[in-house]
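This briefing goes through one protein chain, topic by topic. Keep the sequence and the structure in view while reading.

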Amino acid sequence: MNEKNCIFCKIISRTSPATIVAENEHVIAIKDISPKAPVHLLIIPKKHIVDVQSLLPEDNVYAAAILQMARQLSAMETGRRDCKLIINNGVGAGQLVFHLHCHFLSGKKIVEV
Ligand SMILES: [Zn+2]
């Protein structure tokens, strides 16, 4: 399930440091080390899935868990219910770590799509 040289797999297995804000059986939420908003978190499935295009039918539990974690994180941010969720898929879309992750941005108005 883990990829040896993947930074997110290392964070999930606690062999690399990160600021973990929430976690459950399927996903982990950490602070982005280069925040683009007052609240910038990453929601990462605990299975090494490269991108949305690589999702298999059996990965539905992870796909759903990403959105459920976003709901939970929104509830944690009192007064900051609004959030933007971004998933970059592939180099051309700006993906930097090739382990599926969802950016959770909140705390300022971000209108670009
Ligand atoms: Zn990984």
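This is a predicted model: local features need pLDDT of at least 70, side-chain atom pairs count only at pLDDT 80 or more; totals for chains, interfaces and linings use all residues.

In helix 2, the buried residues are I66, M69, A70 and L73. Seen down the helix axis, these buried residues fall within an arc of 105°, so they line one face of helix 2.

**Helix 2**

- Helix 2 covers residues 60-76, which is 17 residues. At 1.5 Å a residue it should span 24 Å, and its end C-alpha atoms are 24 Å apart, so the two values agree.
- The face turned away from the buried side carries the exposed residues N60, V61, A64, R71 and A75.

- Leaving aside neighbours within four places in sequence, S74 is in contact with R81 and C83.
- S74 and A29 are 45 residues apart along the chain, and their C-alpha atoms are separated by 12 Å.
- A63 also has its place in helix 2. With 16 C-beta neighbours inside 10 Å, A63 counts as partly exposed.
- From C-alpha to C-alpha, A63 and V27 are 9.4 Å apart, although 36 residues separate them in sequence.

**The nonpolar core**

- Which residues touch the most other members of the largest nonpolar core? They are V27, A29, L41, I43, I44, M69 and A70, out of 17 residues in that core.
- Helix 1 (7-12), strand 2, strand 3, helix 2 and strand 5 are the elements that give two or more residues to this core.
- Not counting residues up to four places away in sequence, V27 touches I43, I44, P45, K46, Y62, A65, I66 and M69.

**Strands and their pairing**

- Strand 3 and strand 5 pair in the antiparallel sense, over five bridges. I43 has C102 in strand 5 as its bridge partner.
- Strand 4 and strand 5 also run antiparallel, joined by three bridges. Here L85 stands opposite F104 of strand 5.
- Strand 5 has a covered face with C102, F104 and S106. Its uncovered face has H103 and L105.
- In a regular strand the side chains alternate between the two faces of the sheet.

**The whole chain**

- The protein chain has two helices and five strands. From the N terminus on, their order is α-β-β-β-α-β-β.
- The radius of gyration is 13 Å, close to the 13 Å that the globule rule gives for 113 residues, so the chain is as compact as a globular protein of that length.
- Along its principal axes, the C-alpha trace spans about 40 × 30 × 25 Å.
- Buried residues make up 20% of the 113 residues.
- Among contacts with a separation of 6 or more, 55% are between residues 24 or more positions apart.

Definitions and conventions: Residues are numbered from 1 along each chain as its sequence is written. Helices (H or I, at least four residues) and strands (E, at least two) are DSSP runs, numbered from the N terminus. The radius of gyration is taken over C-alpha atoms; the globule rule is 2.2 Å times the number of residues to the power 0.38. A residue is buried if 20 or more other C-beta atoms lie within 10 Å of its own, exposed if 12 or fewer, and partly exposed in between; C-beta atoms are placed from the backbone. Two residues are in contact if their C-beta atoms, placed from the backbone, lie within 7 Å. The expected span of a helix is 1.5 Å times one less than its number of residues. The arc is that of the directions from the helix axis to the C-beta atoms. A nonpolar core is a set of buried Ala, Val, Leu, Ile, Met, Phe, Trp, Tyr and Cys residues joined through C-beta atoms within 7 Å. Two strands pair if DSSP finds at least two bridges between them.
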